[in-house]
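Open the model in your viewer and keep the sequence panel beside it. The stops below tell you what to select and what to look for.

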Amino acid sequence: MSFSNLGLSDKVVSAVEAAGYKTPTPIQEQAIPHVLARRDVLGIAQTGTGKTAAFVLPMLTMLEKGRARARMPRTLILEPTRELAAQVVEAFEKYGANHKLNVALIIGGVSFGDQDVKLTRGVDVLIATPGRLLDHSERGRLLLSGVELLIIDEADRMLDMGFIPDIERIGKLVPFTRQTLFFTATMPSEIQRIADNFLHNPVRVEVSKPATAATTITQGQVATGRDAAEKRETLRRLLRSADNFKNAIIFCNRKREVALLHKSLVSHGFNAVALHGDLDQSARTAALEAFRKGDAKLLIASDVAARGLDIPAVSHVFNFDVPHHPDDYVHRIGRTGRAGLTGTAITLVAPIDVKSVGAIEKLMGMPIPWMGEPAATEGAATEESPRGERKPGERPPRKDQHAERAPRERGPRRERSPRNERPPQADRPPQSERPPQQPRQEPPRAAKPAPRPDARPPARPRQEAMDDADGSHLPAFLLRPVTIKA
Ligand code: AMP
């Protein structure tokens, strides 16, 4: 199969050839003809499968006919993070080299003014994060009633980040008759529900998880102490002794840990940059750029910030923290060993992490070999902390309010206050880091100190309290008020 057999226009085929691609990837081969036939598509695929081109290439072909009108984009692509949105813009620049299309990027963290000017000029392709898009729409600067094609990318990540209410609102602003492409790496029931809502008689296209790519990745786990300083020392030792080292992404579970580790590595003479949600947009862009160009050899990142980023040819991935979700492990190690290259993924494992690693091994259906002495047994972990009592696969409770774990676990996002009560738009926190929306709450059971503005929202309603991964492991009956008779 070649690109010229998929029904793409000549302009697109020549741009793809110029990009050096010889054959379509499975998702491209399966999805492109259906997109061109104006069918809705449900694509189950992860980053690294070529899914961006699977929608960008047919879009370019389709957009060759017609013209954009001011403030009425013809197509809309929703991305969960600014970096992913920016990456899609790059794809349009690359594959759309032979086209004259207006592509606009509408993301948080940058000024409204320039975005407004772009919208006024008329936009063929609008690539946006949901919150900023709604901000423009609510200000009356953007009309979505001309959208012919809607793409929801990384839908499961949208769910993790609490964007589903925003996506549903956007769904009501675009025409019912539009075509929709919906991409997700996993299909939890909530995503299935959204897909059922958004898609009409879709073609389902599924490509395998990058877990299969793990054949090109050498994995290992290295025992370390639980203490952060000890872990940093272990990491430095591994970095200094790594074979075939070119560059590495080091994953931490928390933003705060990313910042600390970055500072520590730099002070030990390592050439490192950090990527986490508390950094402003220019710092995030600069960090990524430095790493992509090879100016920085180490990128320390959190899952949310790094998910889906296309960073080619990473030789090593280090898990400074064992990820809370086994799925995240697969995503993390998938940053190396891409496109047939070999890679190494090493996970630092303290006694408390042994069970979590067990859950990862179960998911992958293969053991992760120890490099050196194994960590102490689970028994030791149980003694160390109540967290050791977790069952394999269970997420540890989070004490750190800065943890960059998925807001899904923190409860859905709080409904926004009416526009006139909002803080100035430009000052709103970056979209991808805004606090989750909150459903209607039961009245509080006991007086609590007012939460800090950046603190996590209160726990979800009682029924969920028992299994709330945020640490509310109280059985529901304990939350009921008790009347003590005299
Ligand atoms: P994506 O899954 O869209 O993030 O794409 C992952 C990487 O694969 C990107 O670096 C693309 O440039 C690259 N890519 C996309 N399509 C192809 C193809 N047909 N052949 C080779 N590489 C590709």
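Helices (H or I, at least four residues) and strands (E, at least two) are DSSP runs, numbered from the N terminus. This is a predicted model: local features need pLDDT of at least 70, side-chain atom pairs count only at pLDDT 80 or more, and totals for chains, interfaces and linings use all residues. Residues are numbered from 1 along each chain as its sequence is written, and side-chain values use heavy atoms, with hydrogens and water left out.

**Stop 1: a loop glycine**

Select G372. This residue sits in the loop between α15 (354–364) and α16 (378–384). G372 is exposed, at 58% relative accessible area.

**Stop 2: confidence**

Colour by pLDDT, the predictor's confidence in each residue, from 0 to 100. The chain mean is 78, and 73% of the residues reach 70 or more. Residues 210–214 fall below 50; beyond near neighbours in sequence, this stretch has four contacts in the model. A contact means heavy atoms within 4.5 Å. Residues 379–486 are also below 50, with 183 contacts beyond near neighbours in sequence. Where pLDDT is low, the predicted coordinates should not be read in detail.

**Stop 3: the sheet**

Show the strands. Seven of them form an open sheet, ordered β3-β4-β2-β5-β6-β1-β7, with parallel pairing. Two strands pair if DSSP finds at least two bridges between them. At the edges are β3 and β7 (203–206), each pairing on one side only. From one strand to the next, the twist averages 15°.

Zoom in on β1 (residues 41–44). This strand and β7 pair in the parallel sense over four bridges. L42 stands opposite R204 in β7.

Axes are lines fitted to C-alpha atoms, for helices over the stretch in contact, and angles run from 0 to 180 degrees between N-to-C directions.

**Stop 4: a covered helix**

Select α6 (residues 130–138). Nine of its nine residues are buried. Among them are R132, D135, H136 and E138. Its cover includes β2 (75–78), β3 (103–106), α5 (112–121), β4 (125–128), α7 and α8. Just after α6, G140 takes a positive phi of about 80°.

**Stop 5: salt bridges**

Here a salt bridge is a side-chain nitrogen of Lys or Arg within 4 Å of a carboxyl oxygen of Asp or Glu. How many salt bridges does this rule give? The count is 15.

Select K51 and E154. Their side chains form a salt bridge at 3.2 Å, N to O. K51 lies in helix α3 (residues 51–63) and E154 in the loop between β5 (149–152) and α7 (155–160), so the pair ties together parts 103 residues apart in sequence. K51 is buried, at 4% relative accessibility. E154 is buried too, at 4%.

Finish with R232 and E257. Their closest N and O atoms are 3.8 Å apart in a salt bridge. R232 lies in helix α10 (residues 228–241) and E257 in helix α11 (residues 255–267), so this pair ties together parts 25 residues apart in sequence. Both R232 and E257 are buried.

How values were computed. Buried < 20%, exposed > 50% of the residue type's maximum accessible area, 1.4 Å probe, protein only.
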